[in-house]
Amino acid sequence: MDWKRFSFIALIIIVLFGVVVMIGQVKQPPLLIVTSMLATTIAVATPLTLGALSGVFCERAGVVNIGIEGMMLTAAFFGWLGGIYMYHIFGFTPAVSIALGVFFAVLTGGLMSLLHAVLSITFKVDQIIGGTVINILAVGLTGFLNRQLFFGKGSVFGGSVPGSPGVLPTIHVPLTELFTSICGSSAACLQNVQAINRVFDQKPIAISAILLVFLSHYILFNTRWGLRTRAVGEHPKAADTVGINVVKMRYANVIIGGMFAGLAGAYFTIESVPSFEPLLTNGRGFISLAAMIFGNWTPIGAWAAALVFGASQAMLINMQIYRDVIPPAWSFLQESYIVGLTPYILTMIILTGIIGKTTPPAADGVPYEK
Amino acid sequence: MSESKIVLEAKGITKQFPGVLANDNVNFDLRKGEIHALLGENGAGKSTLMNLLYGLHNPDKGEISVGGKTATILSPKDSIALGIGMVHQHFMLIPVFTVAENVMLGDETVKNGSLDRATVAARITEISKQYGLDVDPNALVGPLPVGIQQRVEIVKTLYRNAEIVILDEPTAVLTPQEADDLFRIMRDLTARGVSIIFITHKLKEVLAIADRITVMRAGRVINTVIPSETDSAQLANMMVGRQVILTVDKKDHEAEEEILKVEGISVRDQRDLETVHNVSFTVRGGEVLGIAGVQGNGQTELSEALTGLRSPTTGKVTIDGKDLTGKSPRIITEAGLGHIPEDRQRHGLVLSYSVADNMALCDYYHAPFSSRGVIQPKALDENSRRLISAFDVRTPSPFVNAGKLSGGNQQKVIVARELSRNVKLVIANQPTRGLDVGSIEYIHGEIIKMRGRGVAVLLISAELDEIMALSDRIAVMYRGQIVAIVDAKKTTREQLGLWMAGAQVQAA
């Protein structure tokens, strides 16, 4: 990641935040708008970050993965379904059911990517086709099971969706408590601290996504595993000649990638809202890929790019709050579908490469033949 | 030397690939501290034997013993453990990794879970000093010159404590200076007890450096000889299986009128750096002008500018009186150019097209190959059959993909296409790079035939022997400029070498 890319990302985020602050300041103090935007940005960037990390692991090892979308969707469904089964059928407490739900989501992601690995590494199927198969399979499988299990005559849950065990709790960082004595009697000080506190109060998957970004970066660039992973993605034959098992390394990394996608799926149905609907991932898996490319196949770069998309989504959400105070000259911003286009337009701009070319791993998408 | 003990022995090795018996009951041994050259044409089975020793393939029959003990080598891991290291013809280096990362890959030093780059770098520096292999452990491999990359490969084997080093065609990609440097390194290595298997098809090299020479042909070992008891002619004979004419026989004749005239051209490369500065020369009909020079002194850009692949920034190029500066390759081709490009796989052929299609690439749009915009398969077929027999292309059929042919036959396809047309000028850039003796002999013969027919030939080559054998006049290129143009008969190898290294030209 070069400075040009990072400054472009910073610029876009500042512009998106700036628009909301300019419009919303008649209702709310700017600091509060910025911190609430920031909190939303981090939260909604979570599945994109995890999806991008999924892509980074797969593609660094030389396997193109456009099936992230499908892996997320399947994991979202089975994670949610697992939670319901644990809660209603096996009678676990809500907390345990939720935790097991996350486990099932990660497992599902891993299994879906195992399918991708078998197709693309063992059978050397065109990896774009393999990924497309995963995406189509995910839509069909989750749609079908959703209908069969919950709706219509003779369905397992008798025609209605039972209440899910709930969502993961927010982890409170006690900044406000810490600063209470420092602020003393100043109400303004306390208000500001409270506003800033909101940025840090995130849910477990959002927090782990950020930790995983830095962990992934460390693993890829500073460990034996990372060196070998990148070697099989750049020049598998060279890796083979020094005794590295190319097939094993690729399998392992694709499965790790799938587990990241699975955790991203859990975000939708276990962390964000406790329900599932068909097609709920809505292209986030593909935007993750854009983030991965814009981040030049590096975890930190991909995260920064994911934050841009997160910010554009946060803008969309906030525009609805400030809808009634949008000045007439900017009335087009009242149309949520126009604002909603921002992430997709950004994706296109980013992928044109006007911010500079990115370089994929040299053997990305190329099956290894001895 | 002959008294030293045998460190590696292969007995009765047989390996069958679909359709080819690559190794047929091969016996080979290597003594401690010797350089044992394995000589043979492309496809003779040298690389197969080495891949078996290194564990990239497994033999169908036969036995390998290392240090007197029978060894089972199923993968490179096994051979590395036995102290065998291999430097492949196409380097096994990762361009985006540093030297240290490349060297440690597969045998990493780790401290607290992190790669210990500092320790590895120190170890590399130590090896560098010990064997005179100067490399910077922290440099990125991609931008390094080929000669240095090769050193990195050798360091890689020594880092793994290799006592047997296999060098597969190590000089194919090197300039003469780099090759000399490699020979010095090889001597240093053997002096320290390392044994080397040196695979090559270059006769001069084996005579200069090998302690013993084993010649292979068509999967079999023909003989093992000692350099002092043999000569080039005998070796070539063993390699090819018939008498080979190693010297080019060309008749003296008067050159005709000027065909190619280059006036003060300058060319920029893709990084927008000027790599050819104000170059002027002429080539006359029936004359071969050789351009000598160490690779990377602007030869590539010069030939691209002359053939229309790149526009010169200044200057003028005329062929047979017609100004063709900066014109498209098609216009220049139609004006009478035959071009044998430097990289035959990238610029000379469409590898996924058949031999027949490749042979019509220059004029497929003319009659008889096209009629009203439709390709005539019959004409393509007839043309290719005629050329295949006329130019002795060894191919199972005209419909085989060009990518499936050996390097020598690929080059013959290009030569057939370019020289069979009615050309006035031939630009041949590294026409025999990487080819075996038989193919080189053939292509040299064709070039001399063109000269005899009154065609102007511009020969660009990094092989000084080739330049000296074929040229009537020799131009030396150094840092983008022609530093000297001399009569080939009135110069020496040494003098040309000095100019190539940048020595000033004495005023004549």
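This note goes through a predicted model of chains A and B, point by point.

1. Domains of chain B. The domain assignment divides chain B into three parts: domain 1 covers 6-240, domain 2 is made of 245-336 + 422-508, and domain 3 covers 348-418. Taken over C-alpha atoms, the centres of domain 1 and domain 3 of chain B are 37 Å apart.

2. A sheet in chain B. Four strands of chain B form an open sheet, and their order across the sheet is β2-β1-β4-β5. The pairing is antiparallel. At the edges are β2 (20-31) and β5 (69-71) of chain B, each of which pairs on one side only. From one strand to the next, the twist averages 25°. As background, strands of a sheet pair through backbone hydrogen bonds, and the pairing may be parallel or antiparallel.

3. One pair of strands in that sheet. As an example to find in the structure, B:Leu8 has B:Leu30 of β2(B) as its bridge partner.

4. A cis peptide bond in chain B. Which two residues does it join? They are B:Ala367 and B:Pro368, and omega is about 0°. B:Pro368 sits in the loop between α12 (355-358) and β19 (370-371) of chain B.

5. Contact between the chains. Chain A gives 15 residues to the contact and chain B gives 18. On the side of chain A that touches chain B, the elements giving two or more residues are α9 (224-234) and α10 (236-241) of chain A. Which of these gives the largest share? That is α10(A), with 5 residues. By class, the residues on this side of chain A are 6 nonpolar, 5 polar and 4 charged.

6. Helices α3 and α5 of chain A. Helix α3 (residues 68-89) and helix α5 (residues 127-150) of chain A pack at an angle of about 20°, and their axes are 7 Å apart. Because angles under 35 degrees count as roughly parallel, α3(A) is described as roughly parallel to α5(A). The crossing of α3(A) and α5(A) is left-handed. The residues of α3(A) in the contact include A:Met71, A:Leu73 and A:Phe77, and those of α5(A) include A:Ile134, A:Leu141 and A:Leu145. The contact of α3(A) with α5(A) has 9 nonpolar, 5 polar and 1 charged residues.

7. Helices α12 and α15 of chain A. Here α12(A) packs with helix α15 (residues 342-352) of chain A at an angle of about 35°, with the axes 10 Å apart. The crossing of α12(A) and α15(A) is left-handed. From α12(A), the contact uses A:Ile287, A:Ala290, A:Ile293 and A:Phe294. From α15(A), it uses A:Pro343, A:Thr347, A:Ile350 and A:Leu351. The class count for the contact of α12(A) with α15(A) is 7 nonpolar, 1 polar and no charged residues.

8. A backbone angle in chain A. A:Leu279 has a phi near 60°, a positive value in a residue other than glycine. Where does A:Leu279 lie? It lies in the loop between α11 (246-272) and α12 (284-294) of chain A.

Definitions and conventions:
Residues are numbered from 1 along each chain as its sequence is written. Chains are lettered from A and ligands numbered from 1 in the order in which they are written. This is a predicted model: local features need pLDDT of at least 70, side-chain atom pairs count only at pLDDT 80 or more; totals for chains, interfaces and linings use all residues. Two strands pair if DSSP finds at least two bridges between them. Axes are lines fitted to C-alpha atoms, for helices over the stretch in contact, and angles run from 0 to 180 degrees between N-to-C directions. Domain bounds come from an automatic or database domain assignment. Two residues are in contact if their C-beta atoms, placed from the backbone, lie within 7 Å. Ala, Val, Leu, Ile, Met, Phe, Trp, Tyr, Cys and Pro count as nonpolar, Asp, Glu, Lys and Arg as charged, and the others, Gly among them, as polar. Angles under 35 degrees count as roughly parallel, over 145 as roughly antiparallel, 65 to 115 as roughly perpendicular and the rest as oblique. A crossing is left-handed if the near helix is turned anticlockwise from the far one by less than a right angle, and right-handed if clockwise.
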